[in-house]
Structure formats: structure tokens, C-alpha cells
Amino acid sequence: MHYGIRFLLLFFSVWFAAPERHSHATDLTKPTGAVVLTISGAIEVGNNTGSAEFDLALLESLPTATLETTTPWTEGLQVFRGVLMRDLLQAVQASGTAVKATALNDYFVEIPIEDFAADPVLLATRRNGETMTVRNKGPLWIIYPSDSSNPRAQERMVWQLSKLEILP
Ligand SMILES: Nc1nc2c(c(=O)[nH]1)N[C@H]1C(S)=C(S)[C@@H](COP(=O)(O)O)O[C@H]1N2
Ligand SMILES: [Mo]
């Protein structure tokens with residue numbers, strides 16, 4: 001065989017064996033209901049140009065978790081259910097150092113990704129079994145467990161969350 005042909009064969013076998021890249025962020029099902037959360041920035045899986053949009057059903061189709069805790073804004077022990085922040089970031093293949101979390105009232109705070117390894121920080125979609133209205137700090141509320149030793153937990157418990165931007 002000619003070297004030229006061998007080279008070509010080698011070239012094509014390497015080309016086809018190369019792992020699929022997700023640079024277009026289009027590997028997530030599209031939401032059909034109202035979009036409650038948009039994740040942008042350093043993600044590799046999404047359903048729109050460079051972003052991942054979620055309705056409540058799509059969020060709750062991810063692995064869910066329960067967190068029983070008290071908060072400064074509620075009475076007594078609460079059962080929050082939702083998606084752990086670490087699982088949500090995994091689902092969109094986020095790679096970064098921090099998350100800028102923005103609420104409907106434009107309140108925002110930067111949360112280091114380490115927080116989600118240190119504590120089971122929950123993106124809650126439900127409180128005591130019920131979805132949350134905007135009036136009741138919903139539809140999405142970032143919940144840290146009350147026994148967290150994180151001195152910044154309170155300002156990072158963003159209610160009426162609407163956007164997460166993954167910062168490099
Ligand atoms: N959506 C939203 N979440 C928010 C805030 C806000 O203004 N809007 N303030 C944060 C800050 S800085 C703190 S200290 C507490 C404030 O809680 P408070 O309003 O009960 O004092 O909630 C945090 N979560
Ligand atoms: Mo605050």
C-alpha cells in the first residue's frame with residue numbers, strides 16, 4: 001500500500017474515533033412549559049444556543065433529593081425537595097469556579113462551586129410537597145441545610161431564583 005493511502009486511512013480512523021464534543025450545548029430535552037430557570041456560561045450540555053432552559057417538569061426529571069431543615073424565613077421543620085446543586089451542575093456538564101445566581105428581583109450573589117461539595121445544597125422546587133409560588137419565595141429556592149458551617153449560607157439562599165451563570 002502507498003504511504004499516502006495508509007496515512008489517509010490512519011487520519012480517518014482517528015477522526016471517526018474522536019469522542020463527540022458537545023460544544024453546541026444541545027443535548028438536553030427542550031422545555032414545553034414555562035421556563036423557570038436558565039443556566040448559561042461554562043456548560044457543555046444544554047437545549048438552546050449556549051444555555052440550558054428548564055421548566056419545572058424538566059428540572060424534576062433530574063435525580064431529586066430531599067432536605068429537611070429550618071430556615072430563617074419559615075416556621076418549623078420544612079421538607080424541601082428538588083435537585084442537589086451538584087447534580088444539576090453535573091447534568092449540564094458545568095465546569096467553573098463559581099455560579100452567579102440571579103433572582104426575579106435582580107438580587108444576585110456569587111456562589112463558589114465548593115459549596116455544593118461541602119453541603120447538600122438543594123435547588124428546591126417544592127416545600128412540604130407543594131410547588132412554590134413567587135409570593136412564597138418560589139418557584140425555585142436555593143436551600144442550604146441549617147447545620148451548614150458556611151458563614152455565607154444565608155445570603156446564598158436565593159429565593160425566586162431565575163438564572164444561574166457558570167463562571168470560569
Ligand atoms: N430573591 C432574593 N433572595 C435573597 C435576597 C434578595 O434580596 N432576593 N437577599 C439575600 C440576602 S443578602 C440575605 S442576608 C437574605 C436576606 O433575608 P431577609 O430579607 O430575611 O433579611 O436572603 C438572601 N436571599
Ligand atoms: Mo445579606
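## A walk through the predicted model

Among contacts in the protein between residues at least 6 apart in sequence, 55% join residues at least 24 apart. That is a handy starting point for reading this structure, which is a predicted model. The protein has 5 helices and 10 strands. Of its 168 residues, 40% count as buried. The accessible surface comes to about 9800 Å², and carbon and sulfur atoms account for 55% of that area.

Let's begin inside. The largest nonpolar core contains 42 residues, and Leu37, Ile39, Phe54 and Leu88 have the most contacts inside it. In soluble globular proteins, nonpolar side chains tend to be buried together. To see part of this core in your viewer, centre on Leu88. Leaving out residues up to four places away in sequence, Leu88 touches Leu37, Ile39 and Phe54, along with Leu59, Leu62, Val83, Leu123 and Leu164.

Leu62 also turns up beside Ala91: setting aside neighbours within four places in sequence, Ala91 is in contact with Val45 and Leu62. Ala91 belongs to helix H3, which covers residues 85–91.

Now for the ligand. Which residues surround ligand 1? They are Trp73, Ala103, Asn105, Tyr107, Gln154, Glu155, Met157, Val158 and Trp159. By type, this shell divides into 6 nonpolar, 2 polar and 1 charged.

| Residue | Protein side of the pair | Ligand 1 atom | Distance |
|---|---|---|---|
| Trp73 | N or O atom in the side chain | oxygen | 2.5 Å |
| Asn105 | polar side-chain atom | nitrogen | 3.1 Å |
| Trp159 | polar backbone atom | nitrogen | 2.7 Å |

On its own, ligand 1 has 530 Å² of accessible area, and the protein covers 62% of it.

Where does Thr71 sit? Its place is in the loop between strand S3 (65–69) and strand S4 (78–84). With a relative accessible area of 8%, Thr71 falls under the 20% cut-off and is therefore buried. The Thr71 side chain reaches the backbone nitrogen of Trp73 at 3.0 Å. The side chain of Thr71 also makes a polar contact with the side chain of Thr74, at 2.7 Å. Beyond residues up to four places away in sequence, Thr71 touches Phe80, Trp141, Ile143 and Met157.

Our last stop is Arg156, in helix H5 (residues 153–156). Why does Arg156 count as buried? Its relative accessibility is 9%, and buried means under 20%. What does Arg156 touch, not counting residues up to four places away in sequence? Its contacts are Val109, Glu110, Ile111, Pro112, Asp115, Ile142, Tyr144 and Asn150.

Terms used. Residues numbered from 1 in each chain as written. Chains lettered and ligands numbered in written order. Predicted model: local features only at pLDDT ≥ 70, side-chain atom pairs only at ≥ 80, totals over all residues. Heavy atoms only, no water. Near = heavy atom within 4 Å. Polar contact = N/O pair within 3.5 Å; in protein donor to acceptor, adjacent residues only side chain to side chain. Areas by Shrake-Rupley, 256 points an atom, 1.4 Å probe, with all protein chains shown as cover. Nonpolar A, V, L, I, M, F, W, Y, C, P; charged D, E, K, R; others polar. Helix = DSSP H or I, 4+ residues; strand = E, 2+ residues; numbered from the N terminus. Buried < 20%, exposed > 50% of the residue type's maximum accessible area, 1.4 Å probe, protein only. Contact = heavy atoms within 4.5 Å. Core = buried A, V, L, I, M, F, W, Y, C linked by side-chain atoms within 4.5 Å.
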